[in-house]
Amino acid sequence: MDMGLEGARALVTGSSEGIGHAVARGLAAEGARVAICARREETLERAAERIREETGAEVHAFTADLSRSEDCDRVVARAAEALGGLDVLVNNVGQIKLAGIEELSDADWRAEIERNVMSAVRCSRAAWPHLKEKSGRVVNITGLAGKQVHLPGDMATSLTKAALNSFTKTLAHDGAAHGILVNNVCPGPIETEGMPERIGWIADRLGVSYEDAVRNRERVSILNRLGTPEEVANVAVFLASKRASFVTGVTVEVDGGAASYI
Ligand SMILES: NC(=O)c1ccc[n+]([C@@H]2O[C@H](COP(=O)([O-])OP(=O)(O)OC[C@H]3O[C@@H](n4cnc5c(N)ncnc54)[C@H](OP(=O)(O)O)[C@@H]3O)[C@@H](O)[C@H]2O)c1
């Protein structure tokens, strides 16, 4: 299937590793020109080079901390300048912070909201004038915790991802007048670079071995395994493509059947 992404101009946030990197690579493989960003410069440059080598695509890399308002504006402006506009924005920056109520100060809560919600709000606002030009696409990477809770430690992730779900719905209404389609991809447990830290927390909290905590995460999915970043990216690339032309305001789970709601 031709995804209609040849020459599309795409910005993927938080894209030196994990799901964001797989989405940027997936878009590049479909012929998109991409901009990527992350905080650590060396990892980011290596990631950009890897995408160039694997796909031959034009890739621009910008170091930024998207928890900061000014960095969101700067990255969107620089990406649009380098690519000559923007057709696709993938808001992937986010973190799964596992912690209980007594472990989260006001500052921690604010940090989670800045990173998981406000980064997407600010990047979408900054990209909006560009996206309006050619009926663009916004794809937000949410998470199952925004709809269903597996662990008490999901508190901050659940609240922020639920807020992102709500943002997507309302932004889709805003975008409709301009032909901009806005959707969520909702990953279940995915094996990424950040996974070992999370598994360590779960093992600690449940008082089980690391291996048993891995099994615990695998069993969340009815397919009895963790997903891969590429499996999430495949759906994000589709939603970013011209083929998803009558899909907006929805959340697509990529969770191996983990969601138990109907
Ligand atoms: N993995 C899962 O099981 C899972 C499940 C549900 C939802 N999700 C969601 O999927 C998204 C990606 O998760 P992941 O597991 O792929 O994460 P990851 O492996 O930790 O990768 C995160 C990427 O984002 C960058 N990043 C992190 N914070 C940033 C910031 N403040 N500003 C700019 N870049 C930043 C990181 O690079 P630097 O560290 O250099 O900045 C890295 O490139 C998140 O929104 C997460 O909540 C993941």
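Visitor: Which residue in β6 stands opposite Asn140?
Guide: Start with the names. Helices are DSSP runs of H or I with at least four residues, strands are runs of E with at least two, and both are numbered from the N terminus. Two strands pair if DSSP finds at least two bridges between them. Here, Asn140 stands opposite Asn184 in β6. The model is predicted: local features need pLDDT of at least 70 and side-chain atom pairs 80 or more, while totals for chains, interfaces and linings use all residues. Residues are numbered from 1 along each chain as its sequence is written, and side-chain values use heavy atoms, without hydrogens or water.

Visitor: How many bridges join β5 to β6?
Guide: Five bridges join them, and the two strands run parallel. β4 and β5 also pair in the parallel sense, over four bridges.

Visitor: In what order do the seven strands form the sheet?
Guide: The order is β3-β2-β1-β4-β5-β6-β7, in an open sheet with parallel pairing. β3 and β7 (251–254) are the edge strands, each pairing on one side only. On average, neighbouring strands are turned by 15 degrees against each other, direction ignored. Axes are lines fitted to C-alpha atoms, for helices over the stretch in contact, and angles run from 0 to 180 degrees between N-to-C directions.

Visitor: What does α2 touch on the sheet?
Guide: Contact means heavy atoms within 4.5 Å. α2 packs on the sheet through β2 and β3, and its direction makes about 170 degrees with that of β3. Another helix to look at is α5 (residues 155–176), which lies across β5, β6 and β7. α5 runs at about 155 degrees to β6.

Visitor: How many residues of β6 are buried?
Guide: Buried means under 20% relative accessible area, exposed over 50%, partly exposed in between, with a 1.4 Å probe and protein chains only. Seven of the seven residues of β6 are buried, so this strand is largely enclosed by the rest of the structure. Leu181, Asn183, Val185 and Pro187 point one way. Val182, Asn184 and Cys186 point the other way.

Visitor: Which residues have the most contacts inside the largest nonpolar core?
Guide: A nonpolar core is a set of buried Ala, Val, Leu, Ile, Met, Phe, Trp, Tyr and Cys residues joined through side-chain atoms within 4.5 Å. The largest has 35 residues, and those with the most contacts inside it are Val23, Leu27, Ile36, Val90, Val139 and Val185. β1, α1 (18–29), β2, α2, β4, β5 and α8 (229–240) each give two or more residues to this core. Apart from it lies another core of 29 residues, among them Leu11, Cys37, Phe62 and Leu89. Leu27 shows the packing in detail. Beyond four places in sequence, Leu27 touches Leu5, Ala10, Val12, Ala32, Val34, Val90, Val237 and Ala240.

Visitor: Why do the buried residues of α3 line one face of the helix?
Guide: First, the length. The expected span of a helix is 1.5 Å times one less than its number of residues. α3 (residues 69–83) has 15 residues and reaches 22 Å from first C-alpha to last, close to the 21 Å expected. Its buried residues are Asp71, Cys72, Val75, Val76, Ala79, Ala80 and Leu83. Seen down the axis of α3, they fall within an arc of 155 degrees, so they line one face. That arc is taken over the directions from the helix axis to the C-beta atoms. The buried residues pack against β1 (9–12), β2 (33–38), β3 (59–63) and α4 (106–133). Gly84 follows α3, with a positive phi near 75 degrees.

Visitor: Is Glu112 buried or exposed?
Guide: Glu112, in helix α4, counts as buried at 2% relative accessibility. Leaving aside neighbours within four places in sequence, Glu112 is in contact with Gln95, Lys97, Val117, Ala156 and Thr160. Arg115 is also in α4. Arg115 is buried at 14%.

Visitor: Where is Ser135 found?
Guide: Ser135 is in the loop between α4 and β5. Its phi is positive, about 50 degrees, although Ser135 is not a glycine. At 32% relative accessibility, Ser135 counts as partly exposed. Asn224, not a glycine either, has a positive phi of about 65 degrees. Asn224 lies in the loop between α7 (210–218) and α8. Asn224 is partly exposed, at 40%.
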